[in-house]
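Welcome! Take a moment to look over the sequence and the 3D view, and then we can walk through the main features together.

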Amino acid sequence: MTDVTQILNAIAQGDPNAASQLLPLVYAELRQLAAQKLVQEKPAQTLQPTALVHEAYLRLVGPADARRWNDRGHFFAAAAEAMRHILVDNARRKRRVKHGGGRHRVPLDDVMPAPRSPG
């Protein structure tokens with residue numbers, strides 16, 4: 001059993017210190033996974049890999065989710081799924097009318113009248 005699997009088991013059993021031990025062990029891999037996910041997104045995506053990692057990590061080991069992860073692979077598969085859900089939720093939020101969804105860019109020349117010459 002790897003260190004990661006042991007720590008995941010400790011998290012599932014409610015060890016409050018286990019989550020802080022896990023992040024340094026998995027951070028680099030999670031960041032790489034986040035970067036791969038973001039490459040597949042549209043250029044208008046505003047989330048950074050670090051923010052995506054932190055949000056996914058909180059969803060995976062937060063106090064509301066006392067899950068039991070079978071092993072390292074199971075944890076990273078769940079992390080990939082959590083990142084996908086975060087990206088989908090973010091895209092849906094941006095498309096809402098309240099957040100500017102449905103708006104289109106209009107060139108400034110089309111909106112403002114041309115300056116009048118004195119005379």
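## The nonpolar core

In this predicted model, the largest nonpolar core is made up of 28 residues. Leu22, Val26, Leu30, Leu60, Phe75 and Met83 are the ones with the most contacts inside this core. Helix 4 gives the most, with nine residues. As background, nonpolar side chains in soluble globular proteins tend to be buried together.

Leaving aside residues up to four places away in sequence, leucine 22 touches Val4, Ile7, Leu8, Ile11, Tyr57, Val61 and Phe75.

## A pair of rings

How many aromatic pairs does the structure hold? There is one. The partners are phenylalanine 75 and phenylalanine 76, whose ring centres are 5.5 Å apart. Their planes stand at 80 degrees, so the pair is edge-to-face; the cut-off for that label is over 60 degrees. Both phenylalanine 75 and phenylalanine 76 are buried.

## The largest pocket

Next, turn to the largest pocket, which has a volume of about 260 Å³. Its lining includes Glu41, Lys42, Ala44 and Gln45, along with Leu87, Val88, Asn90, Ala91, Lys94 and Arg95.

What kinds of residues are found in the lining of the largest pocket, nonpolar, polar or charged? The lining divides into four nonpolar, two polar and four charged residues.

How values were computed. Residues numbered from 1 in each chain as written. Predicted model: local features only at pLDDT ≥ 70, side-chain atom pairs only at ≥ 80, totals over all residues. Heavy atoms only, no water. Core = buried A, V, L, I, M, F, W, Y, C linked by side-chain atoms within 4.5 Å. Buried < 20%, exposed > 50% of the residue type's maximum accessible area, 1.4 Å probe, protein only. Helix = DSSP H or I, 4+ residues; strand = E, 2+ residues; numbered from the N terminus. Contact = heavy atoms within 4.5 Å. 1 Å grid on protein atoms, 1.4 Å probe; cavity = no way out; pocket = protein on both sides within 12 Å on 5 of 7 lines; lining within 4 Å. Points joined across faces, edges and corners; volume = space filled by probe spheres on them. Nonpolar A, V, L, I, M, F, W, Y, C, P; charged D, E, K, R; others polar. Phe/Tyr/Trp six-rings, centres within 6.5 Å; stacked < 30°, edge-to-face > 60°.
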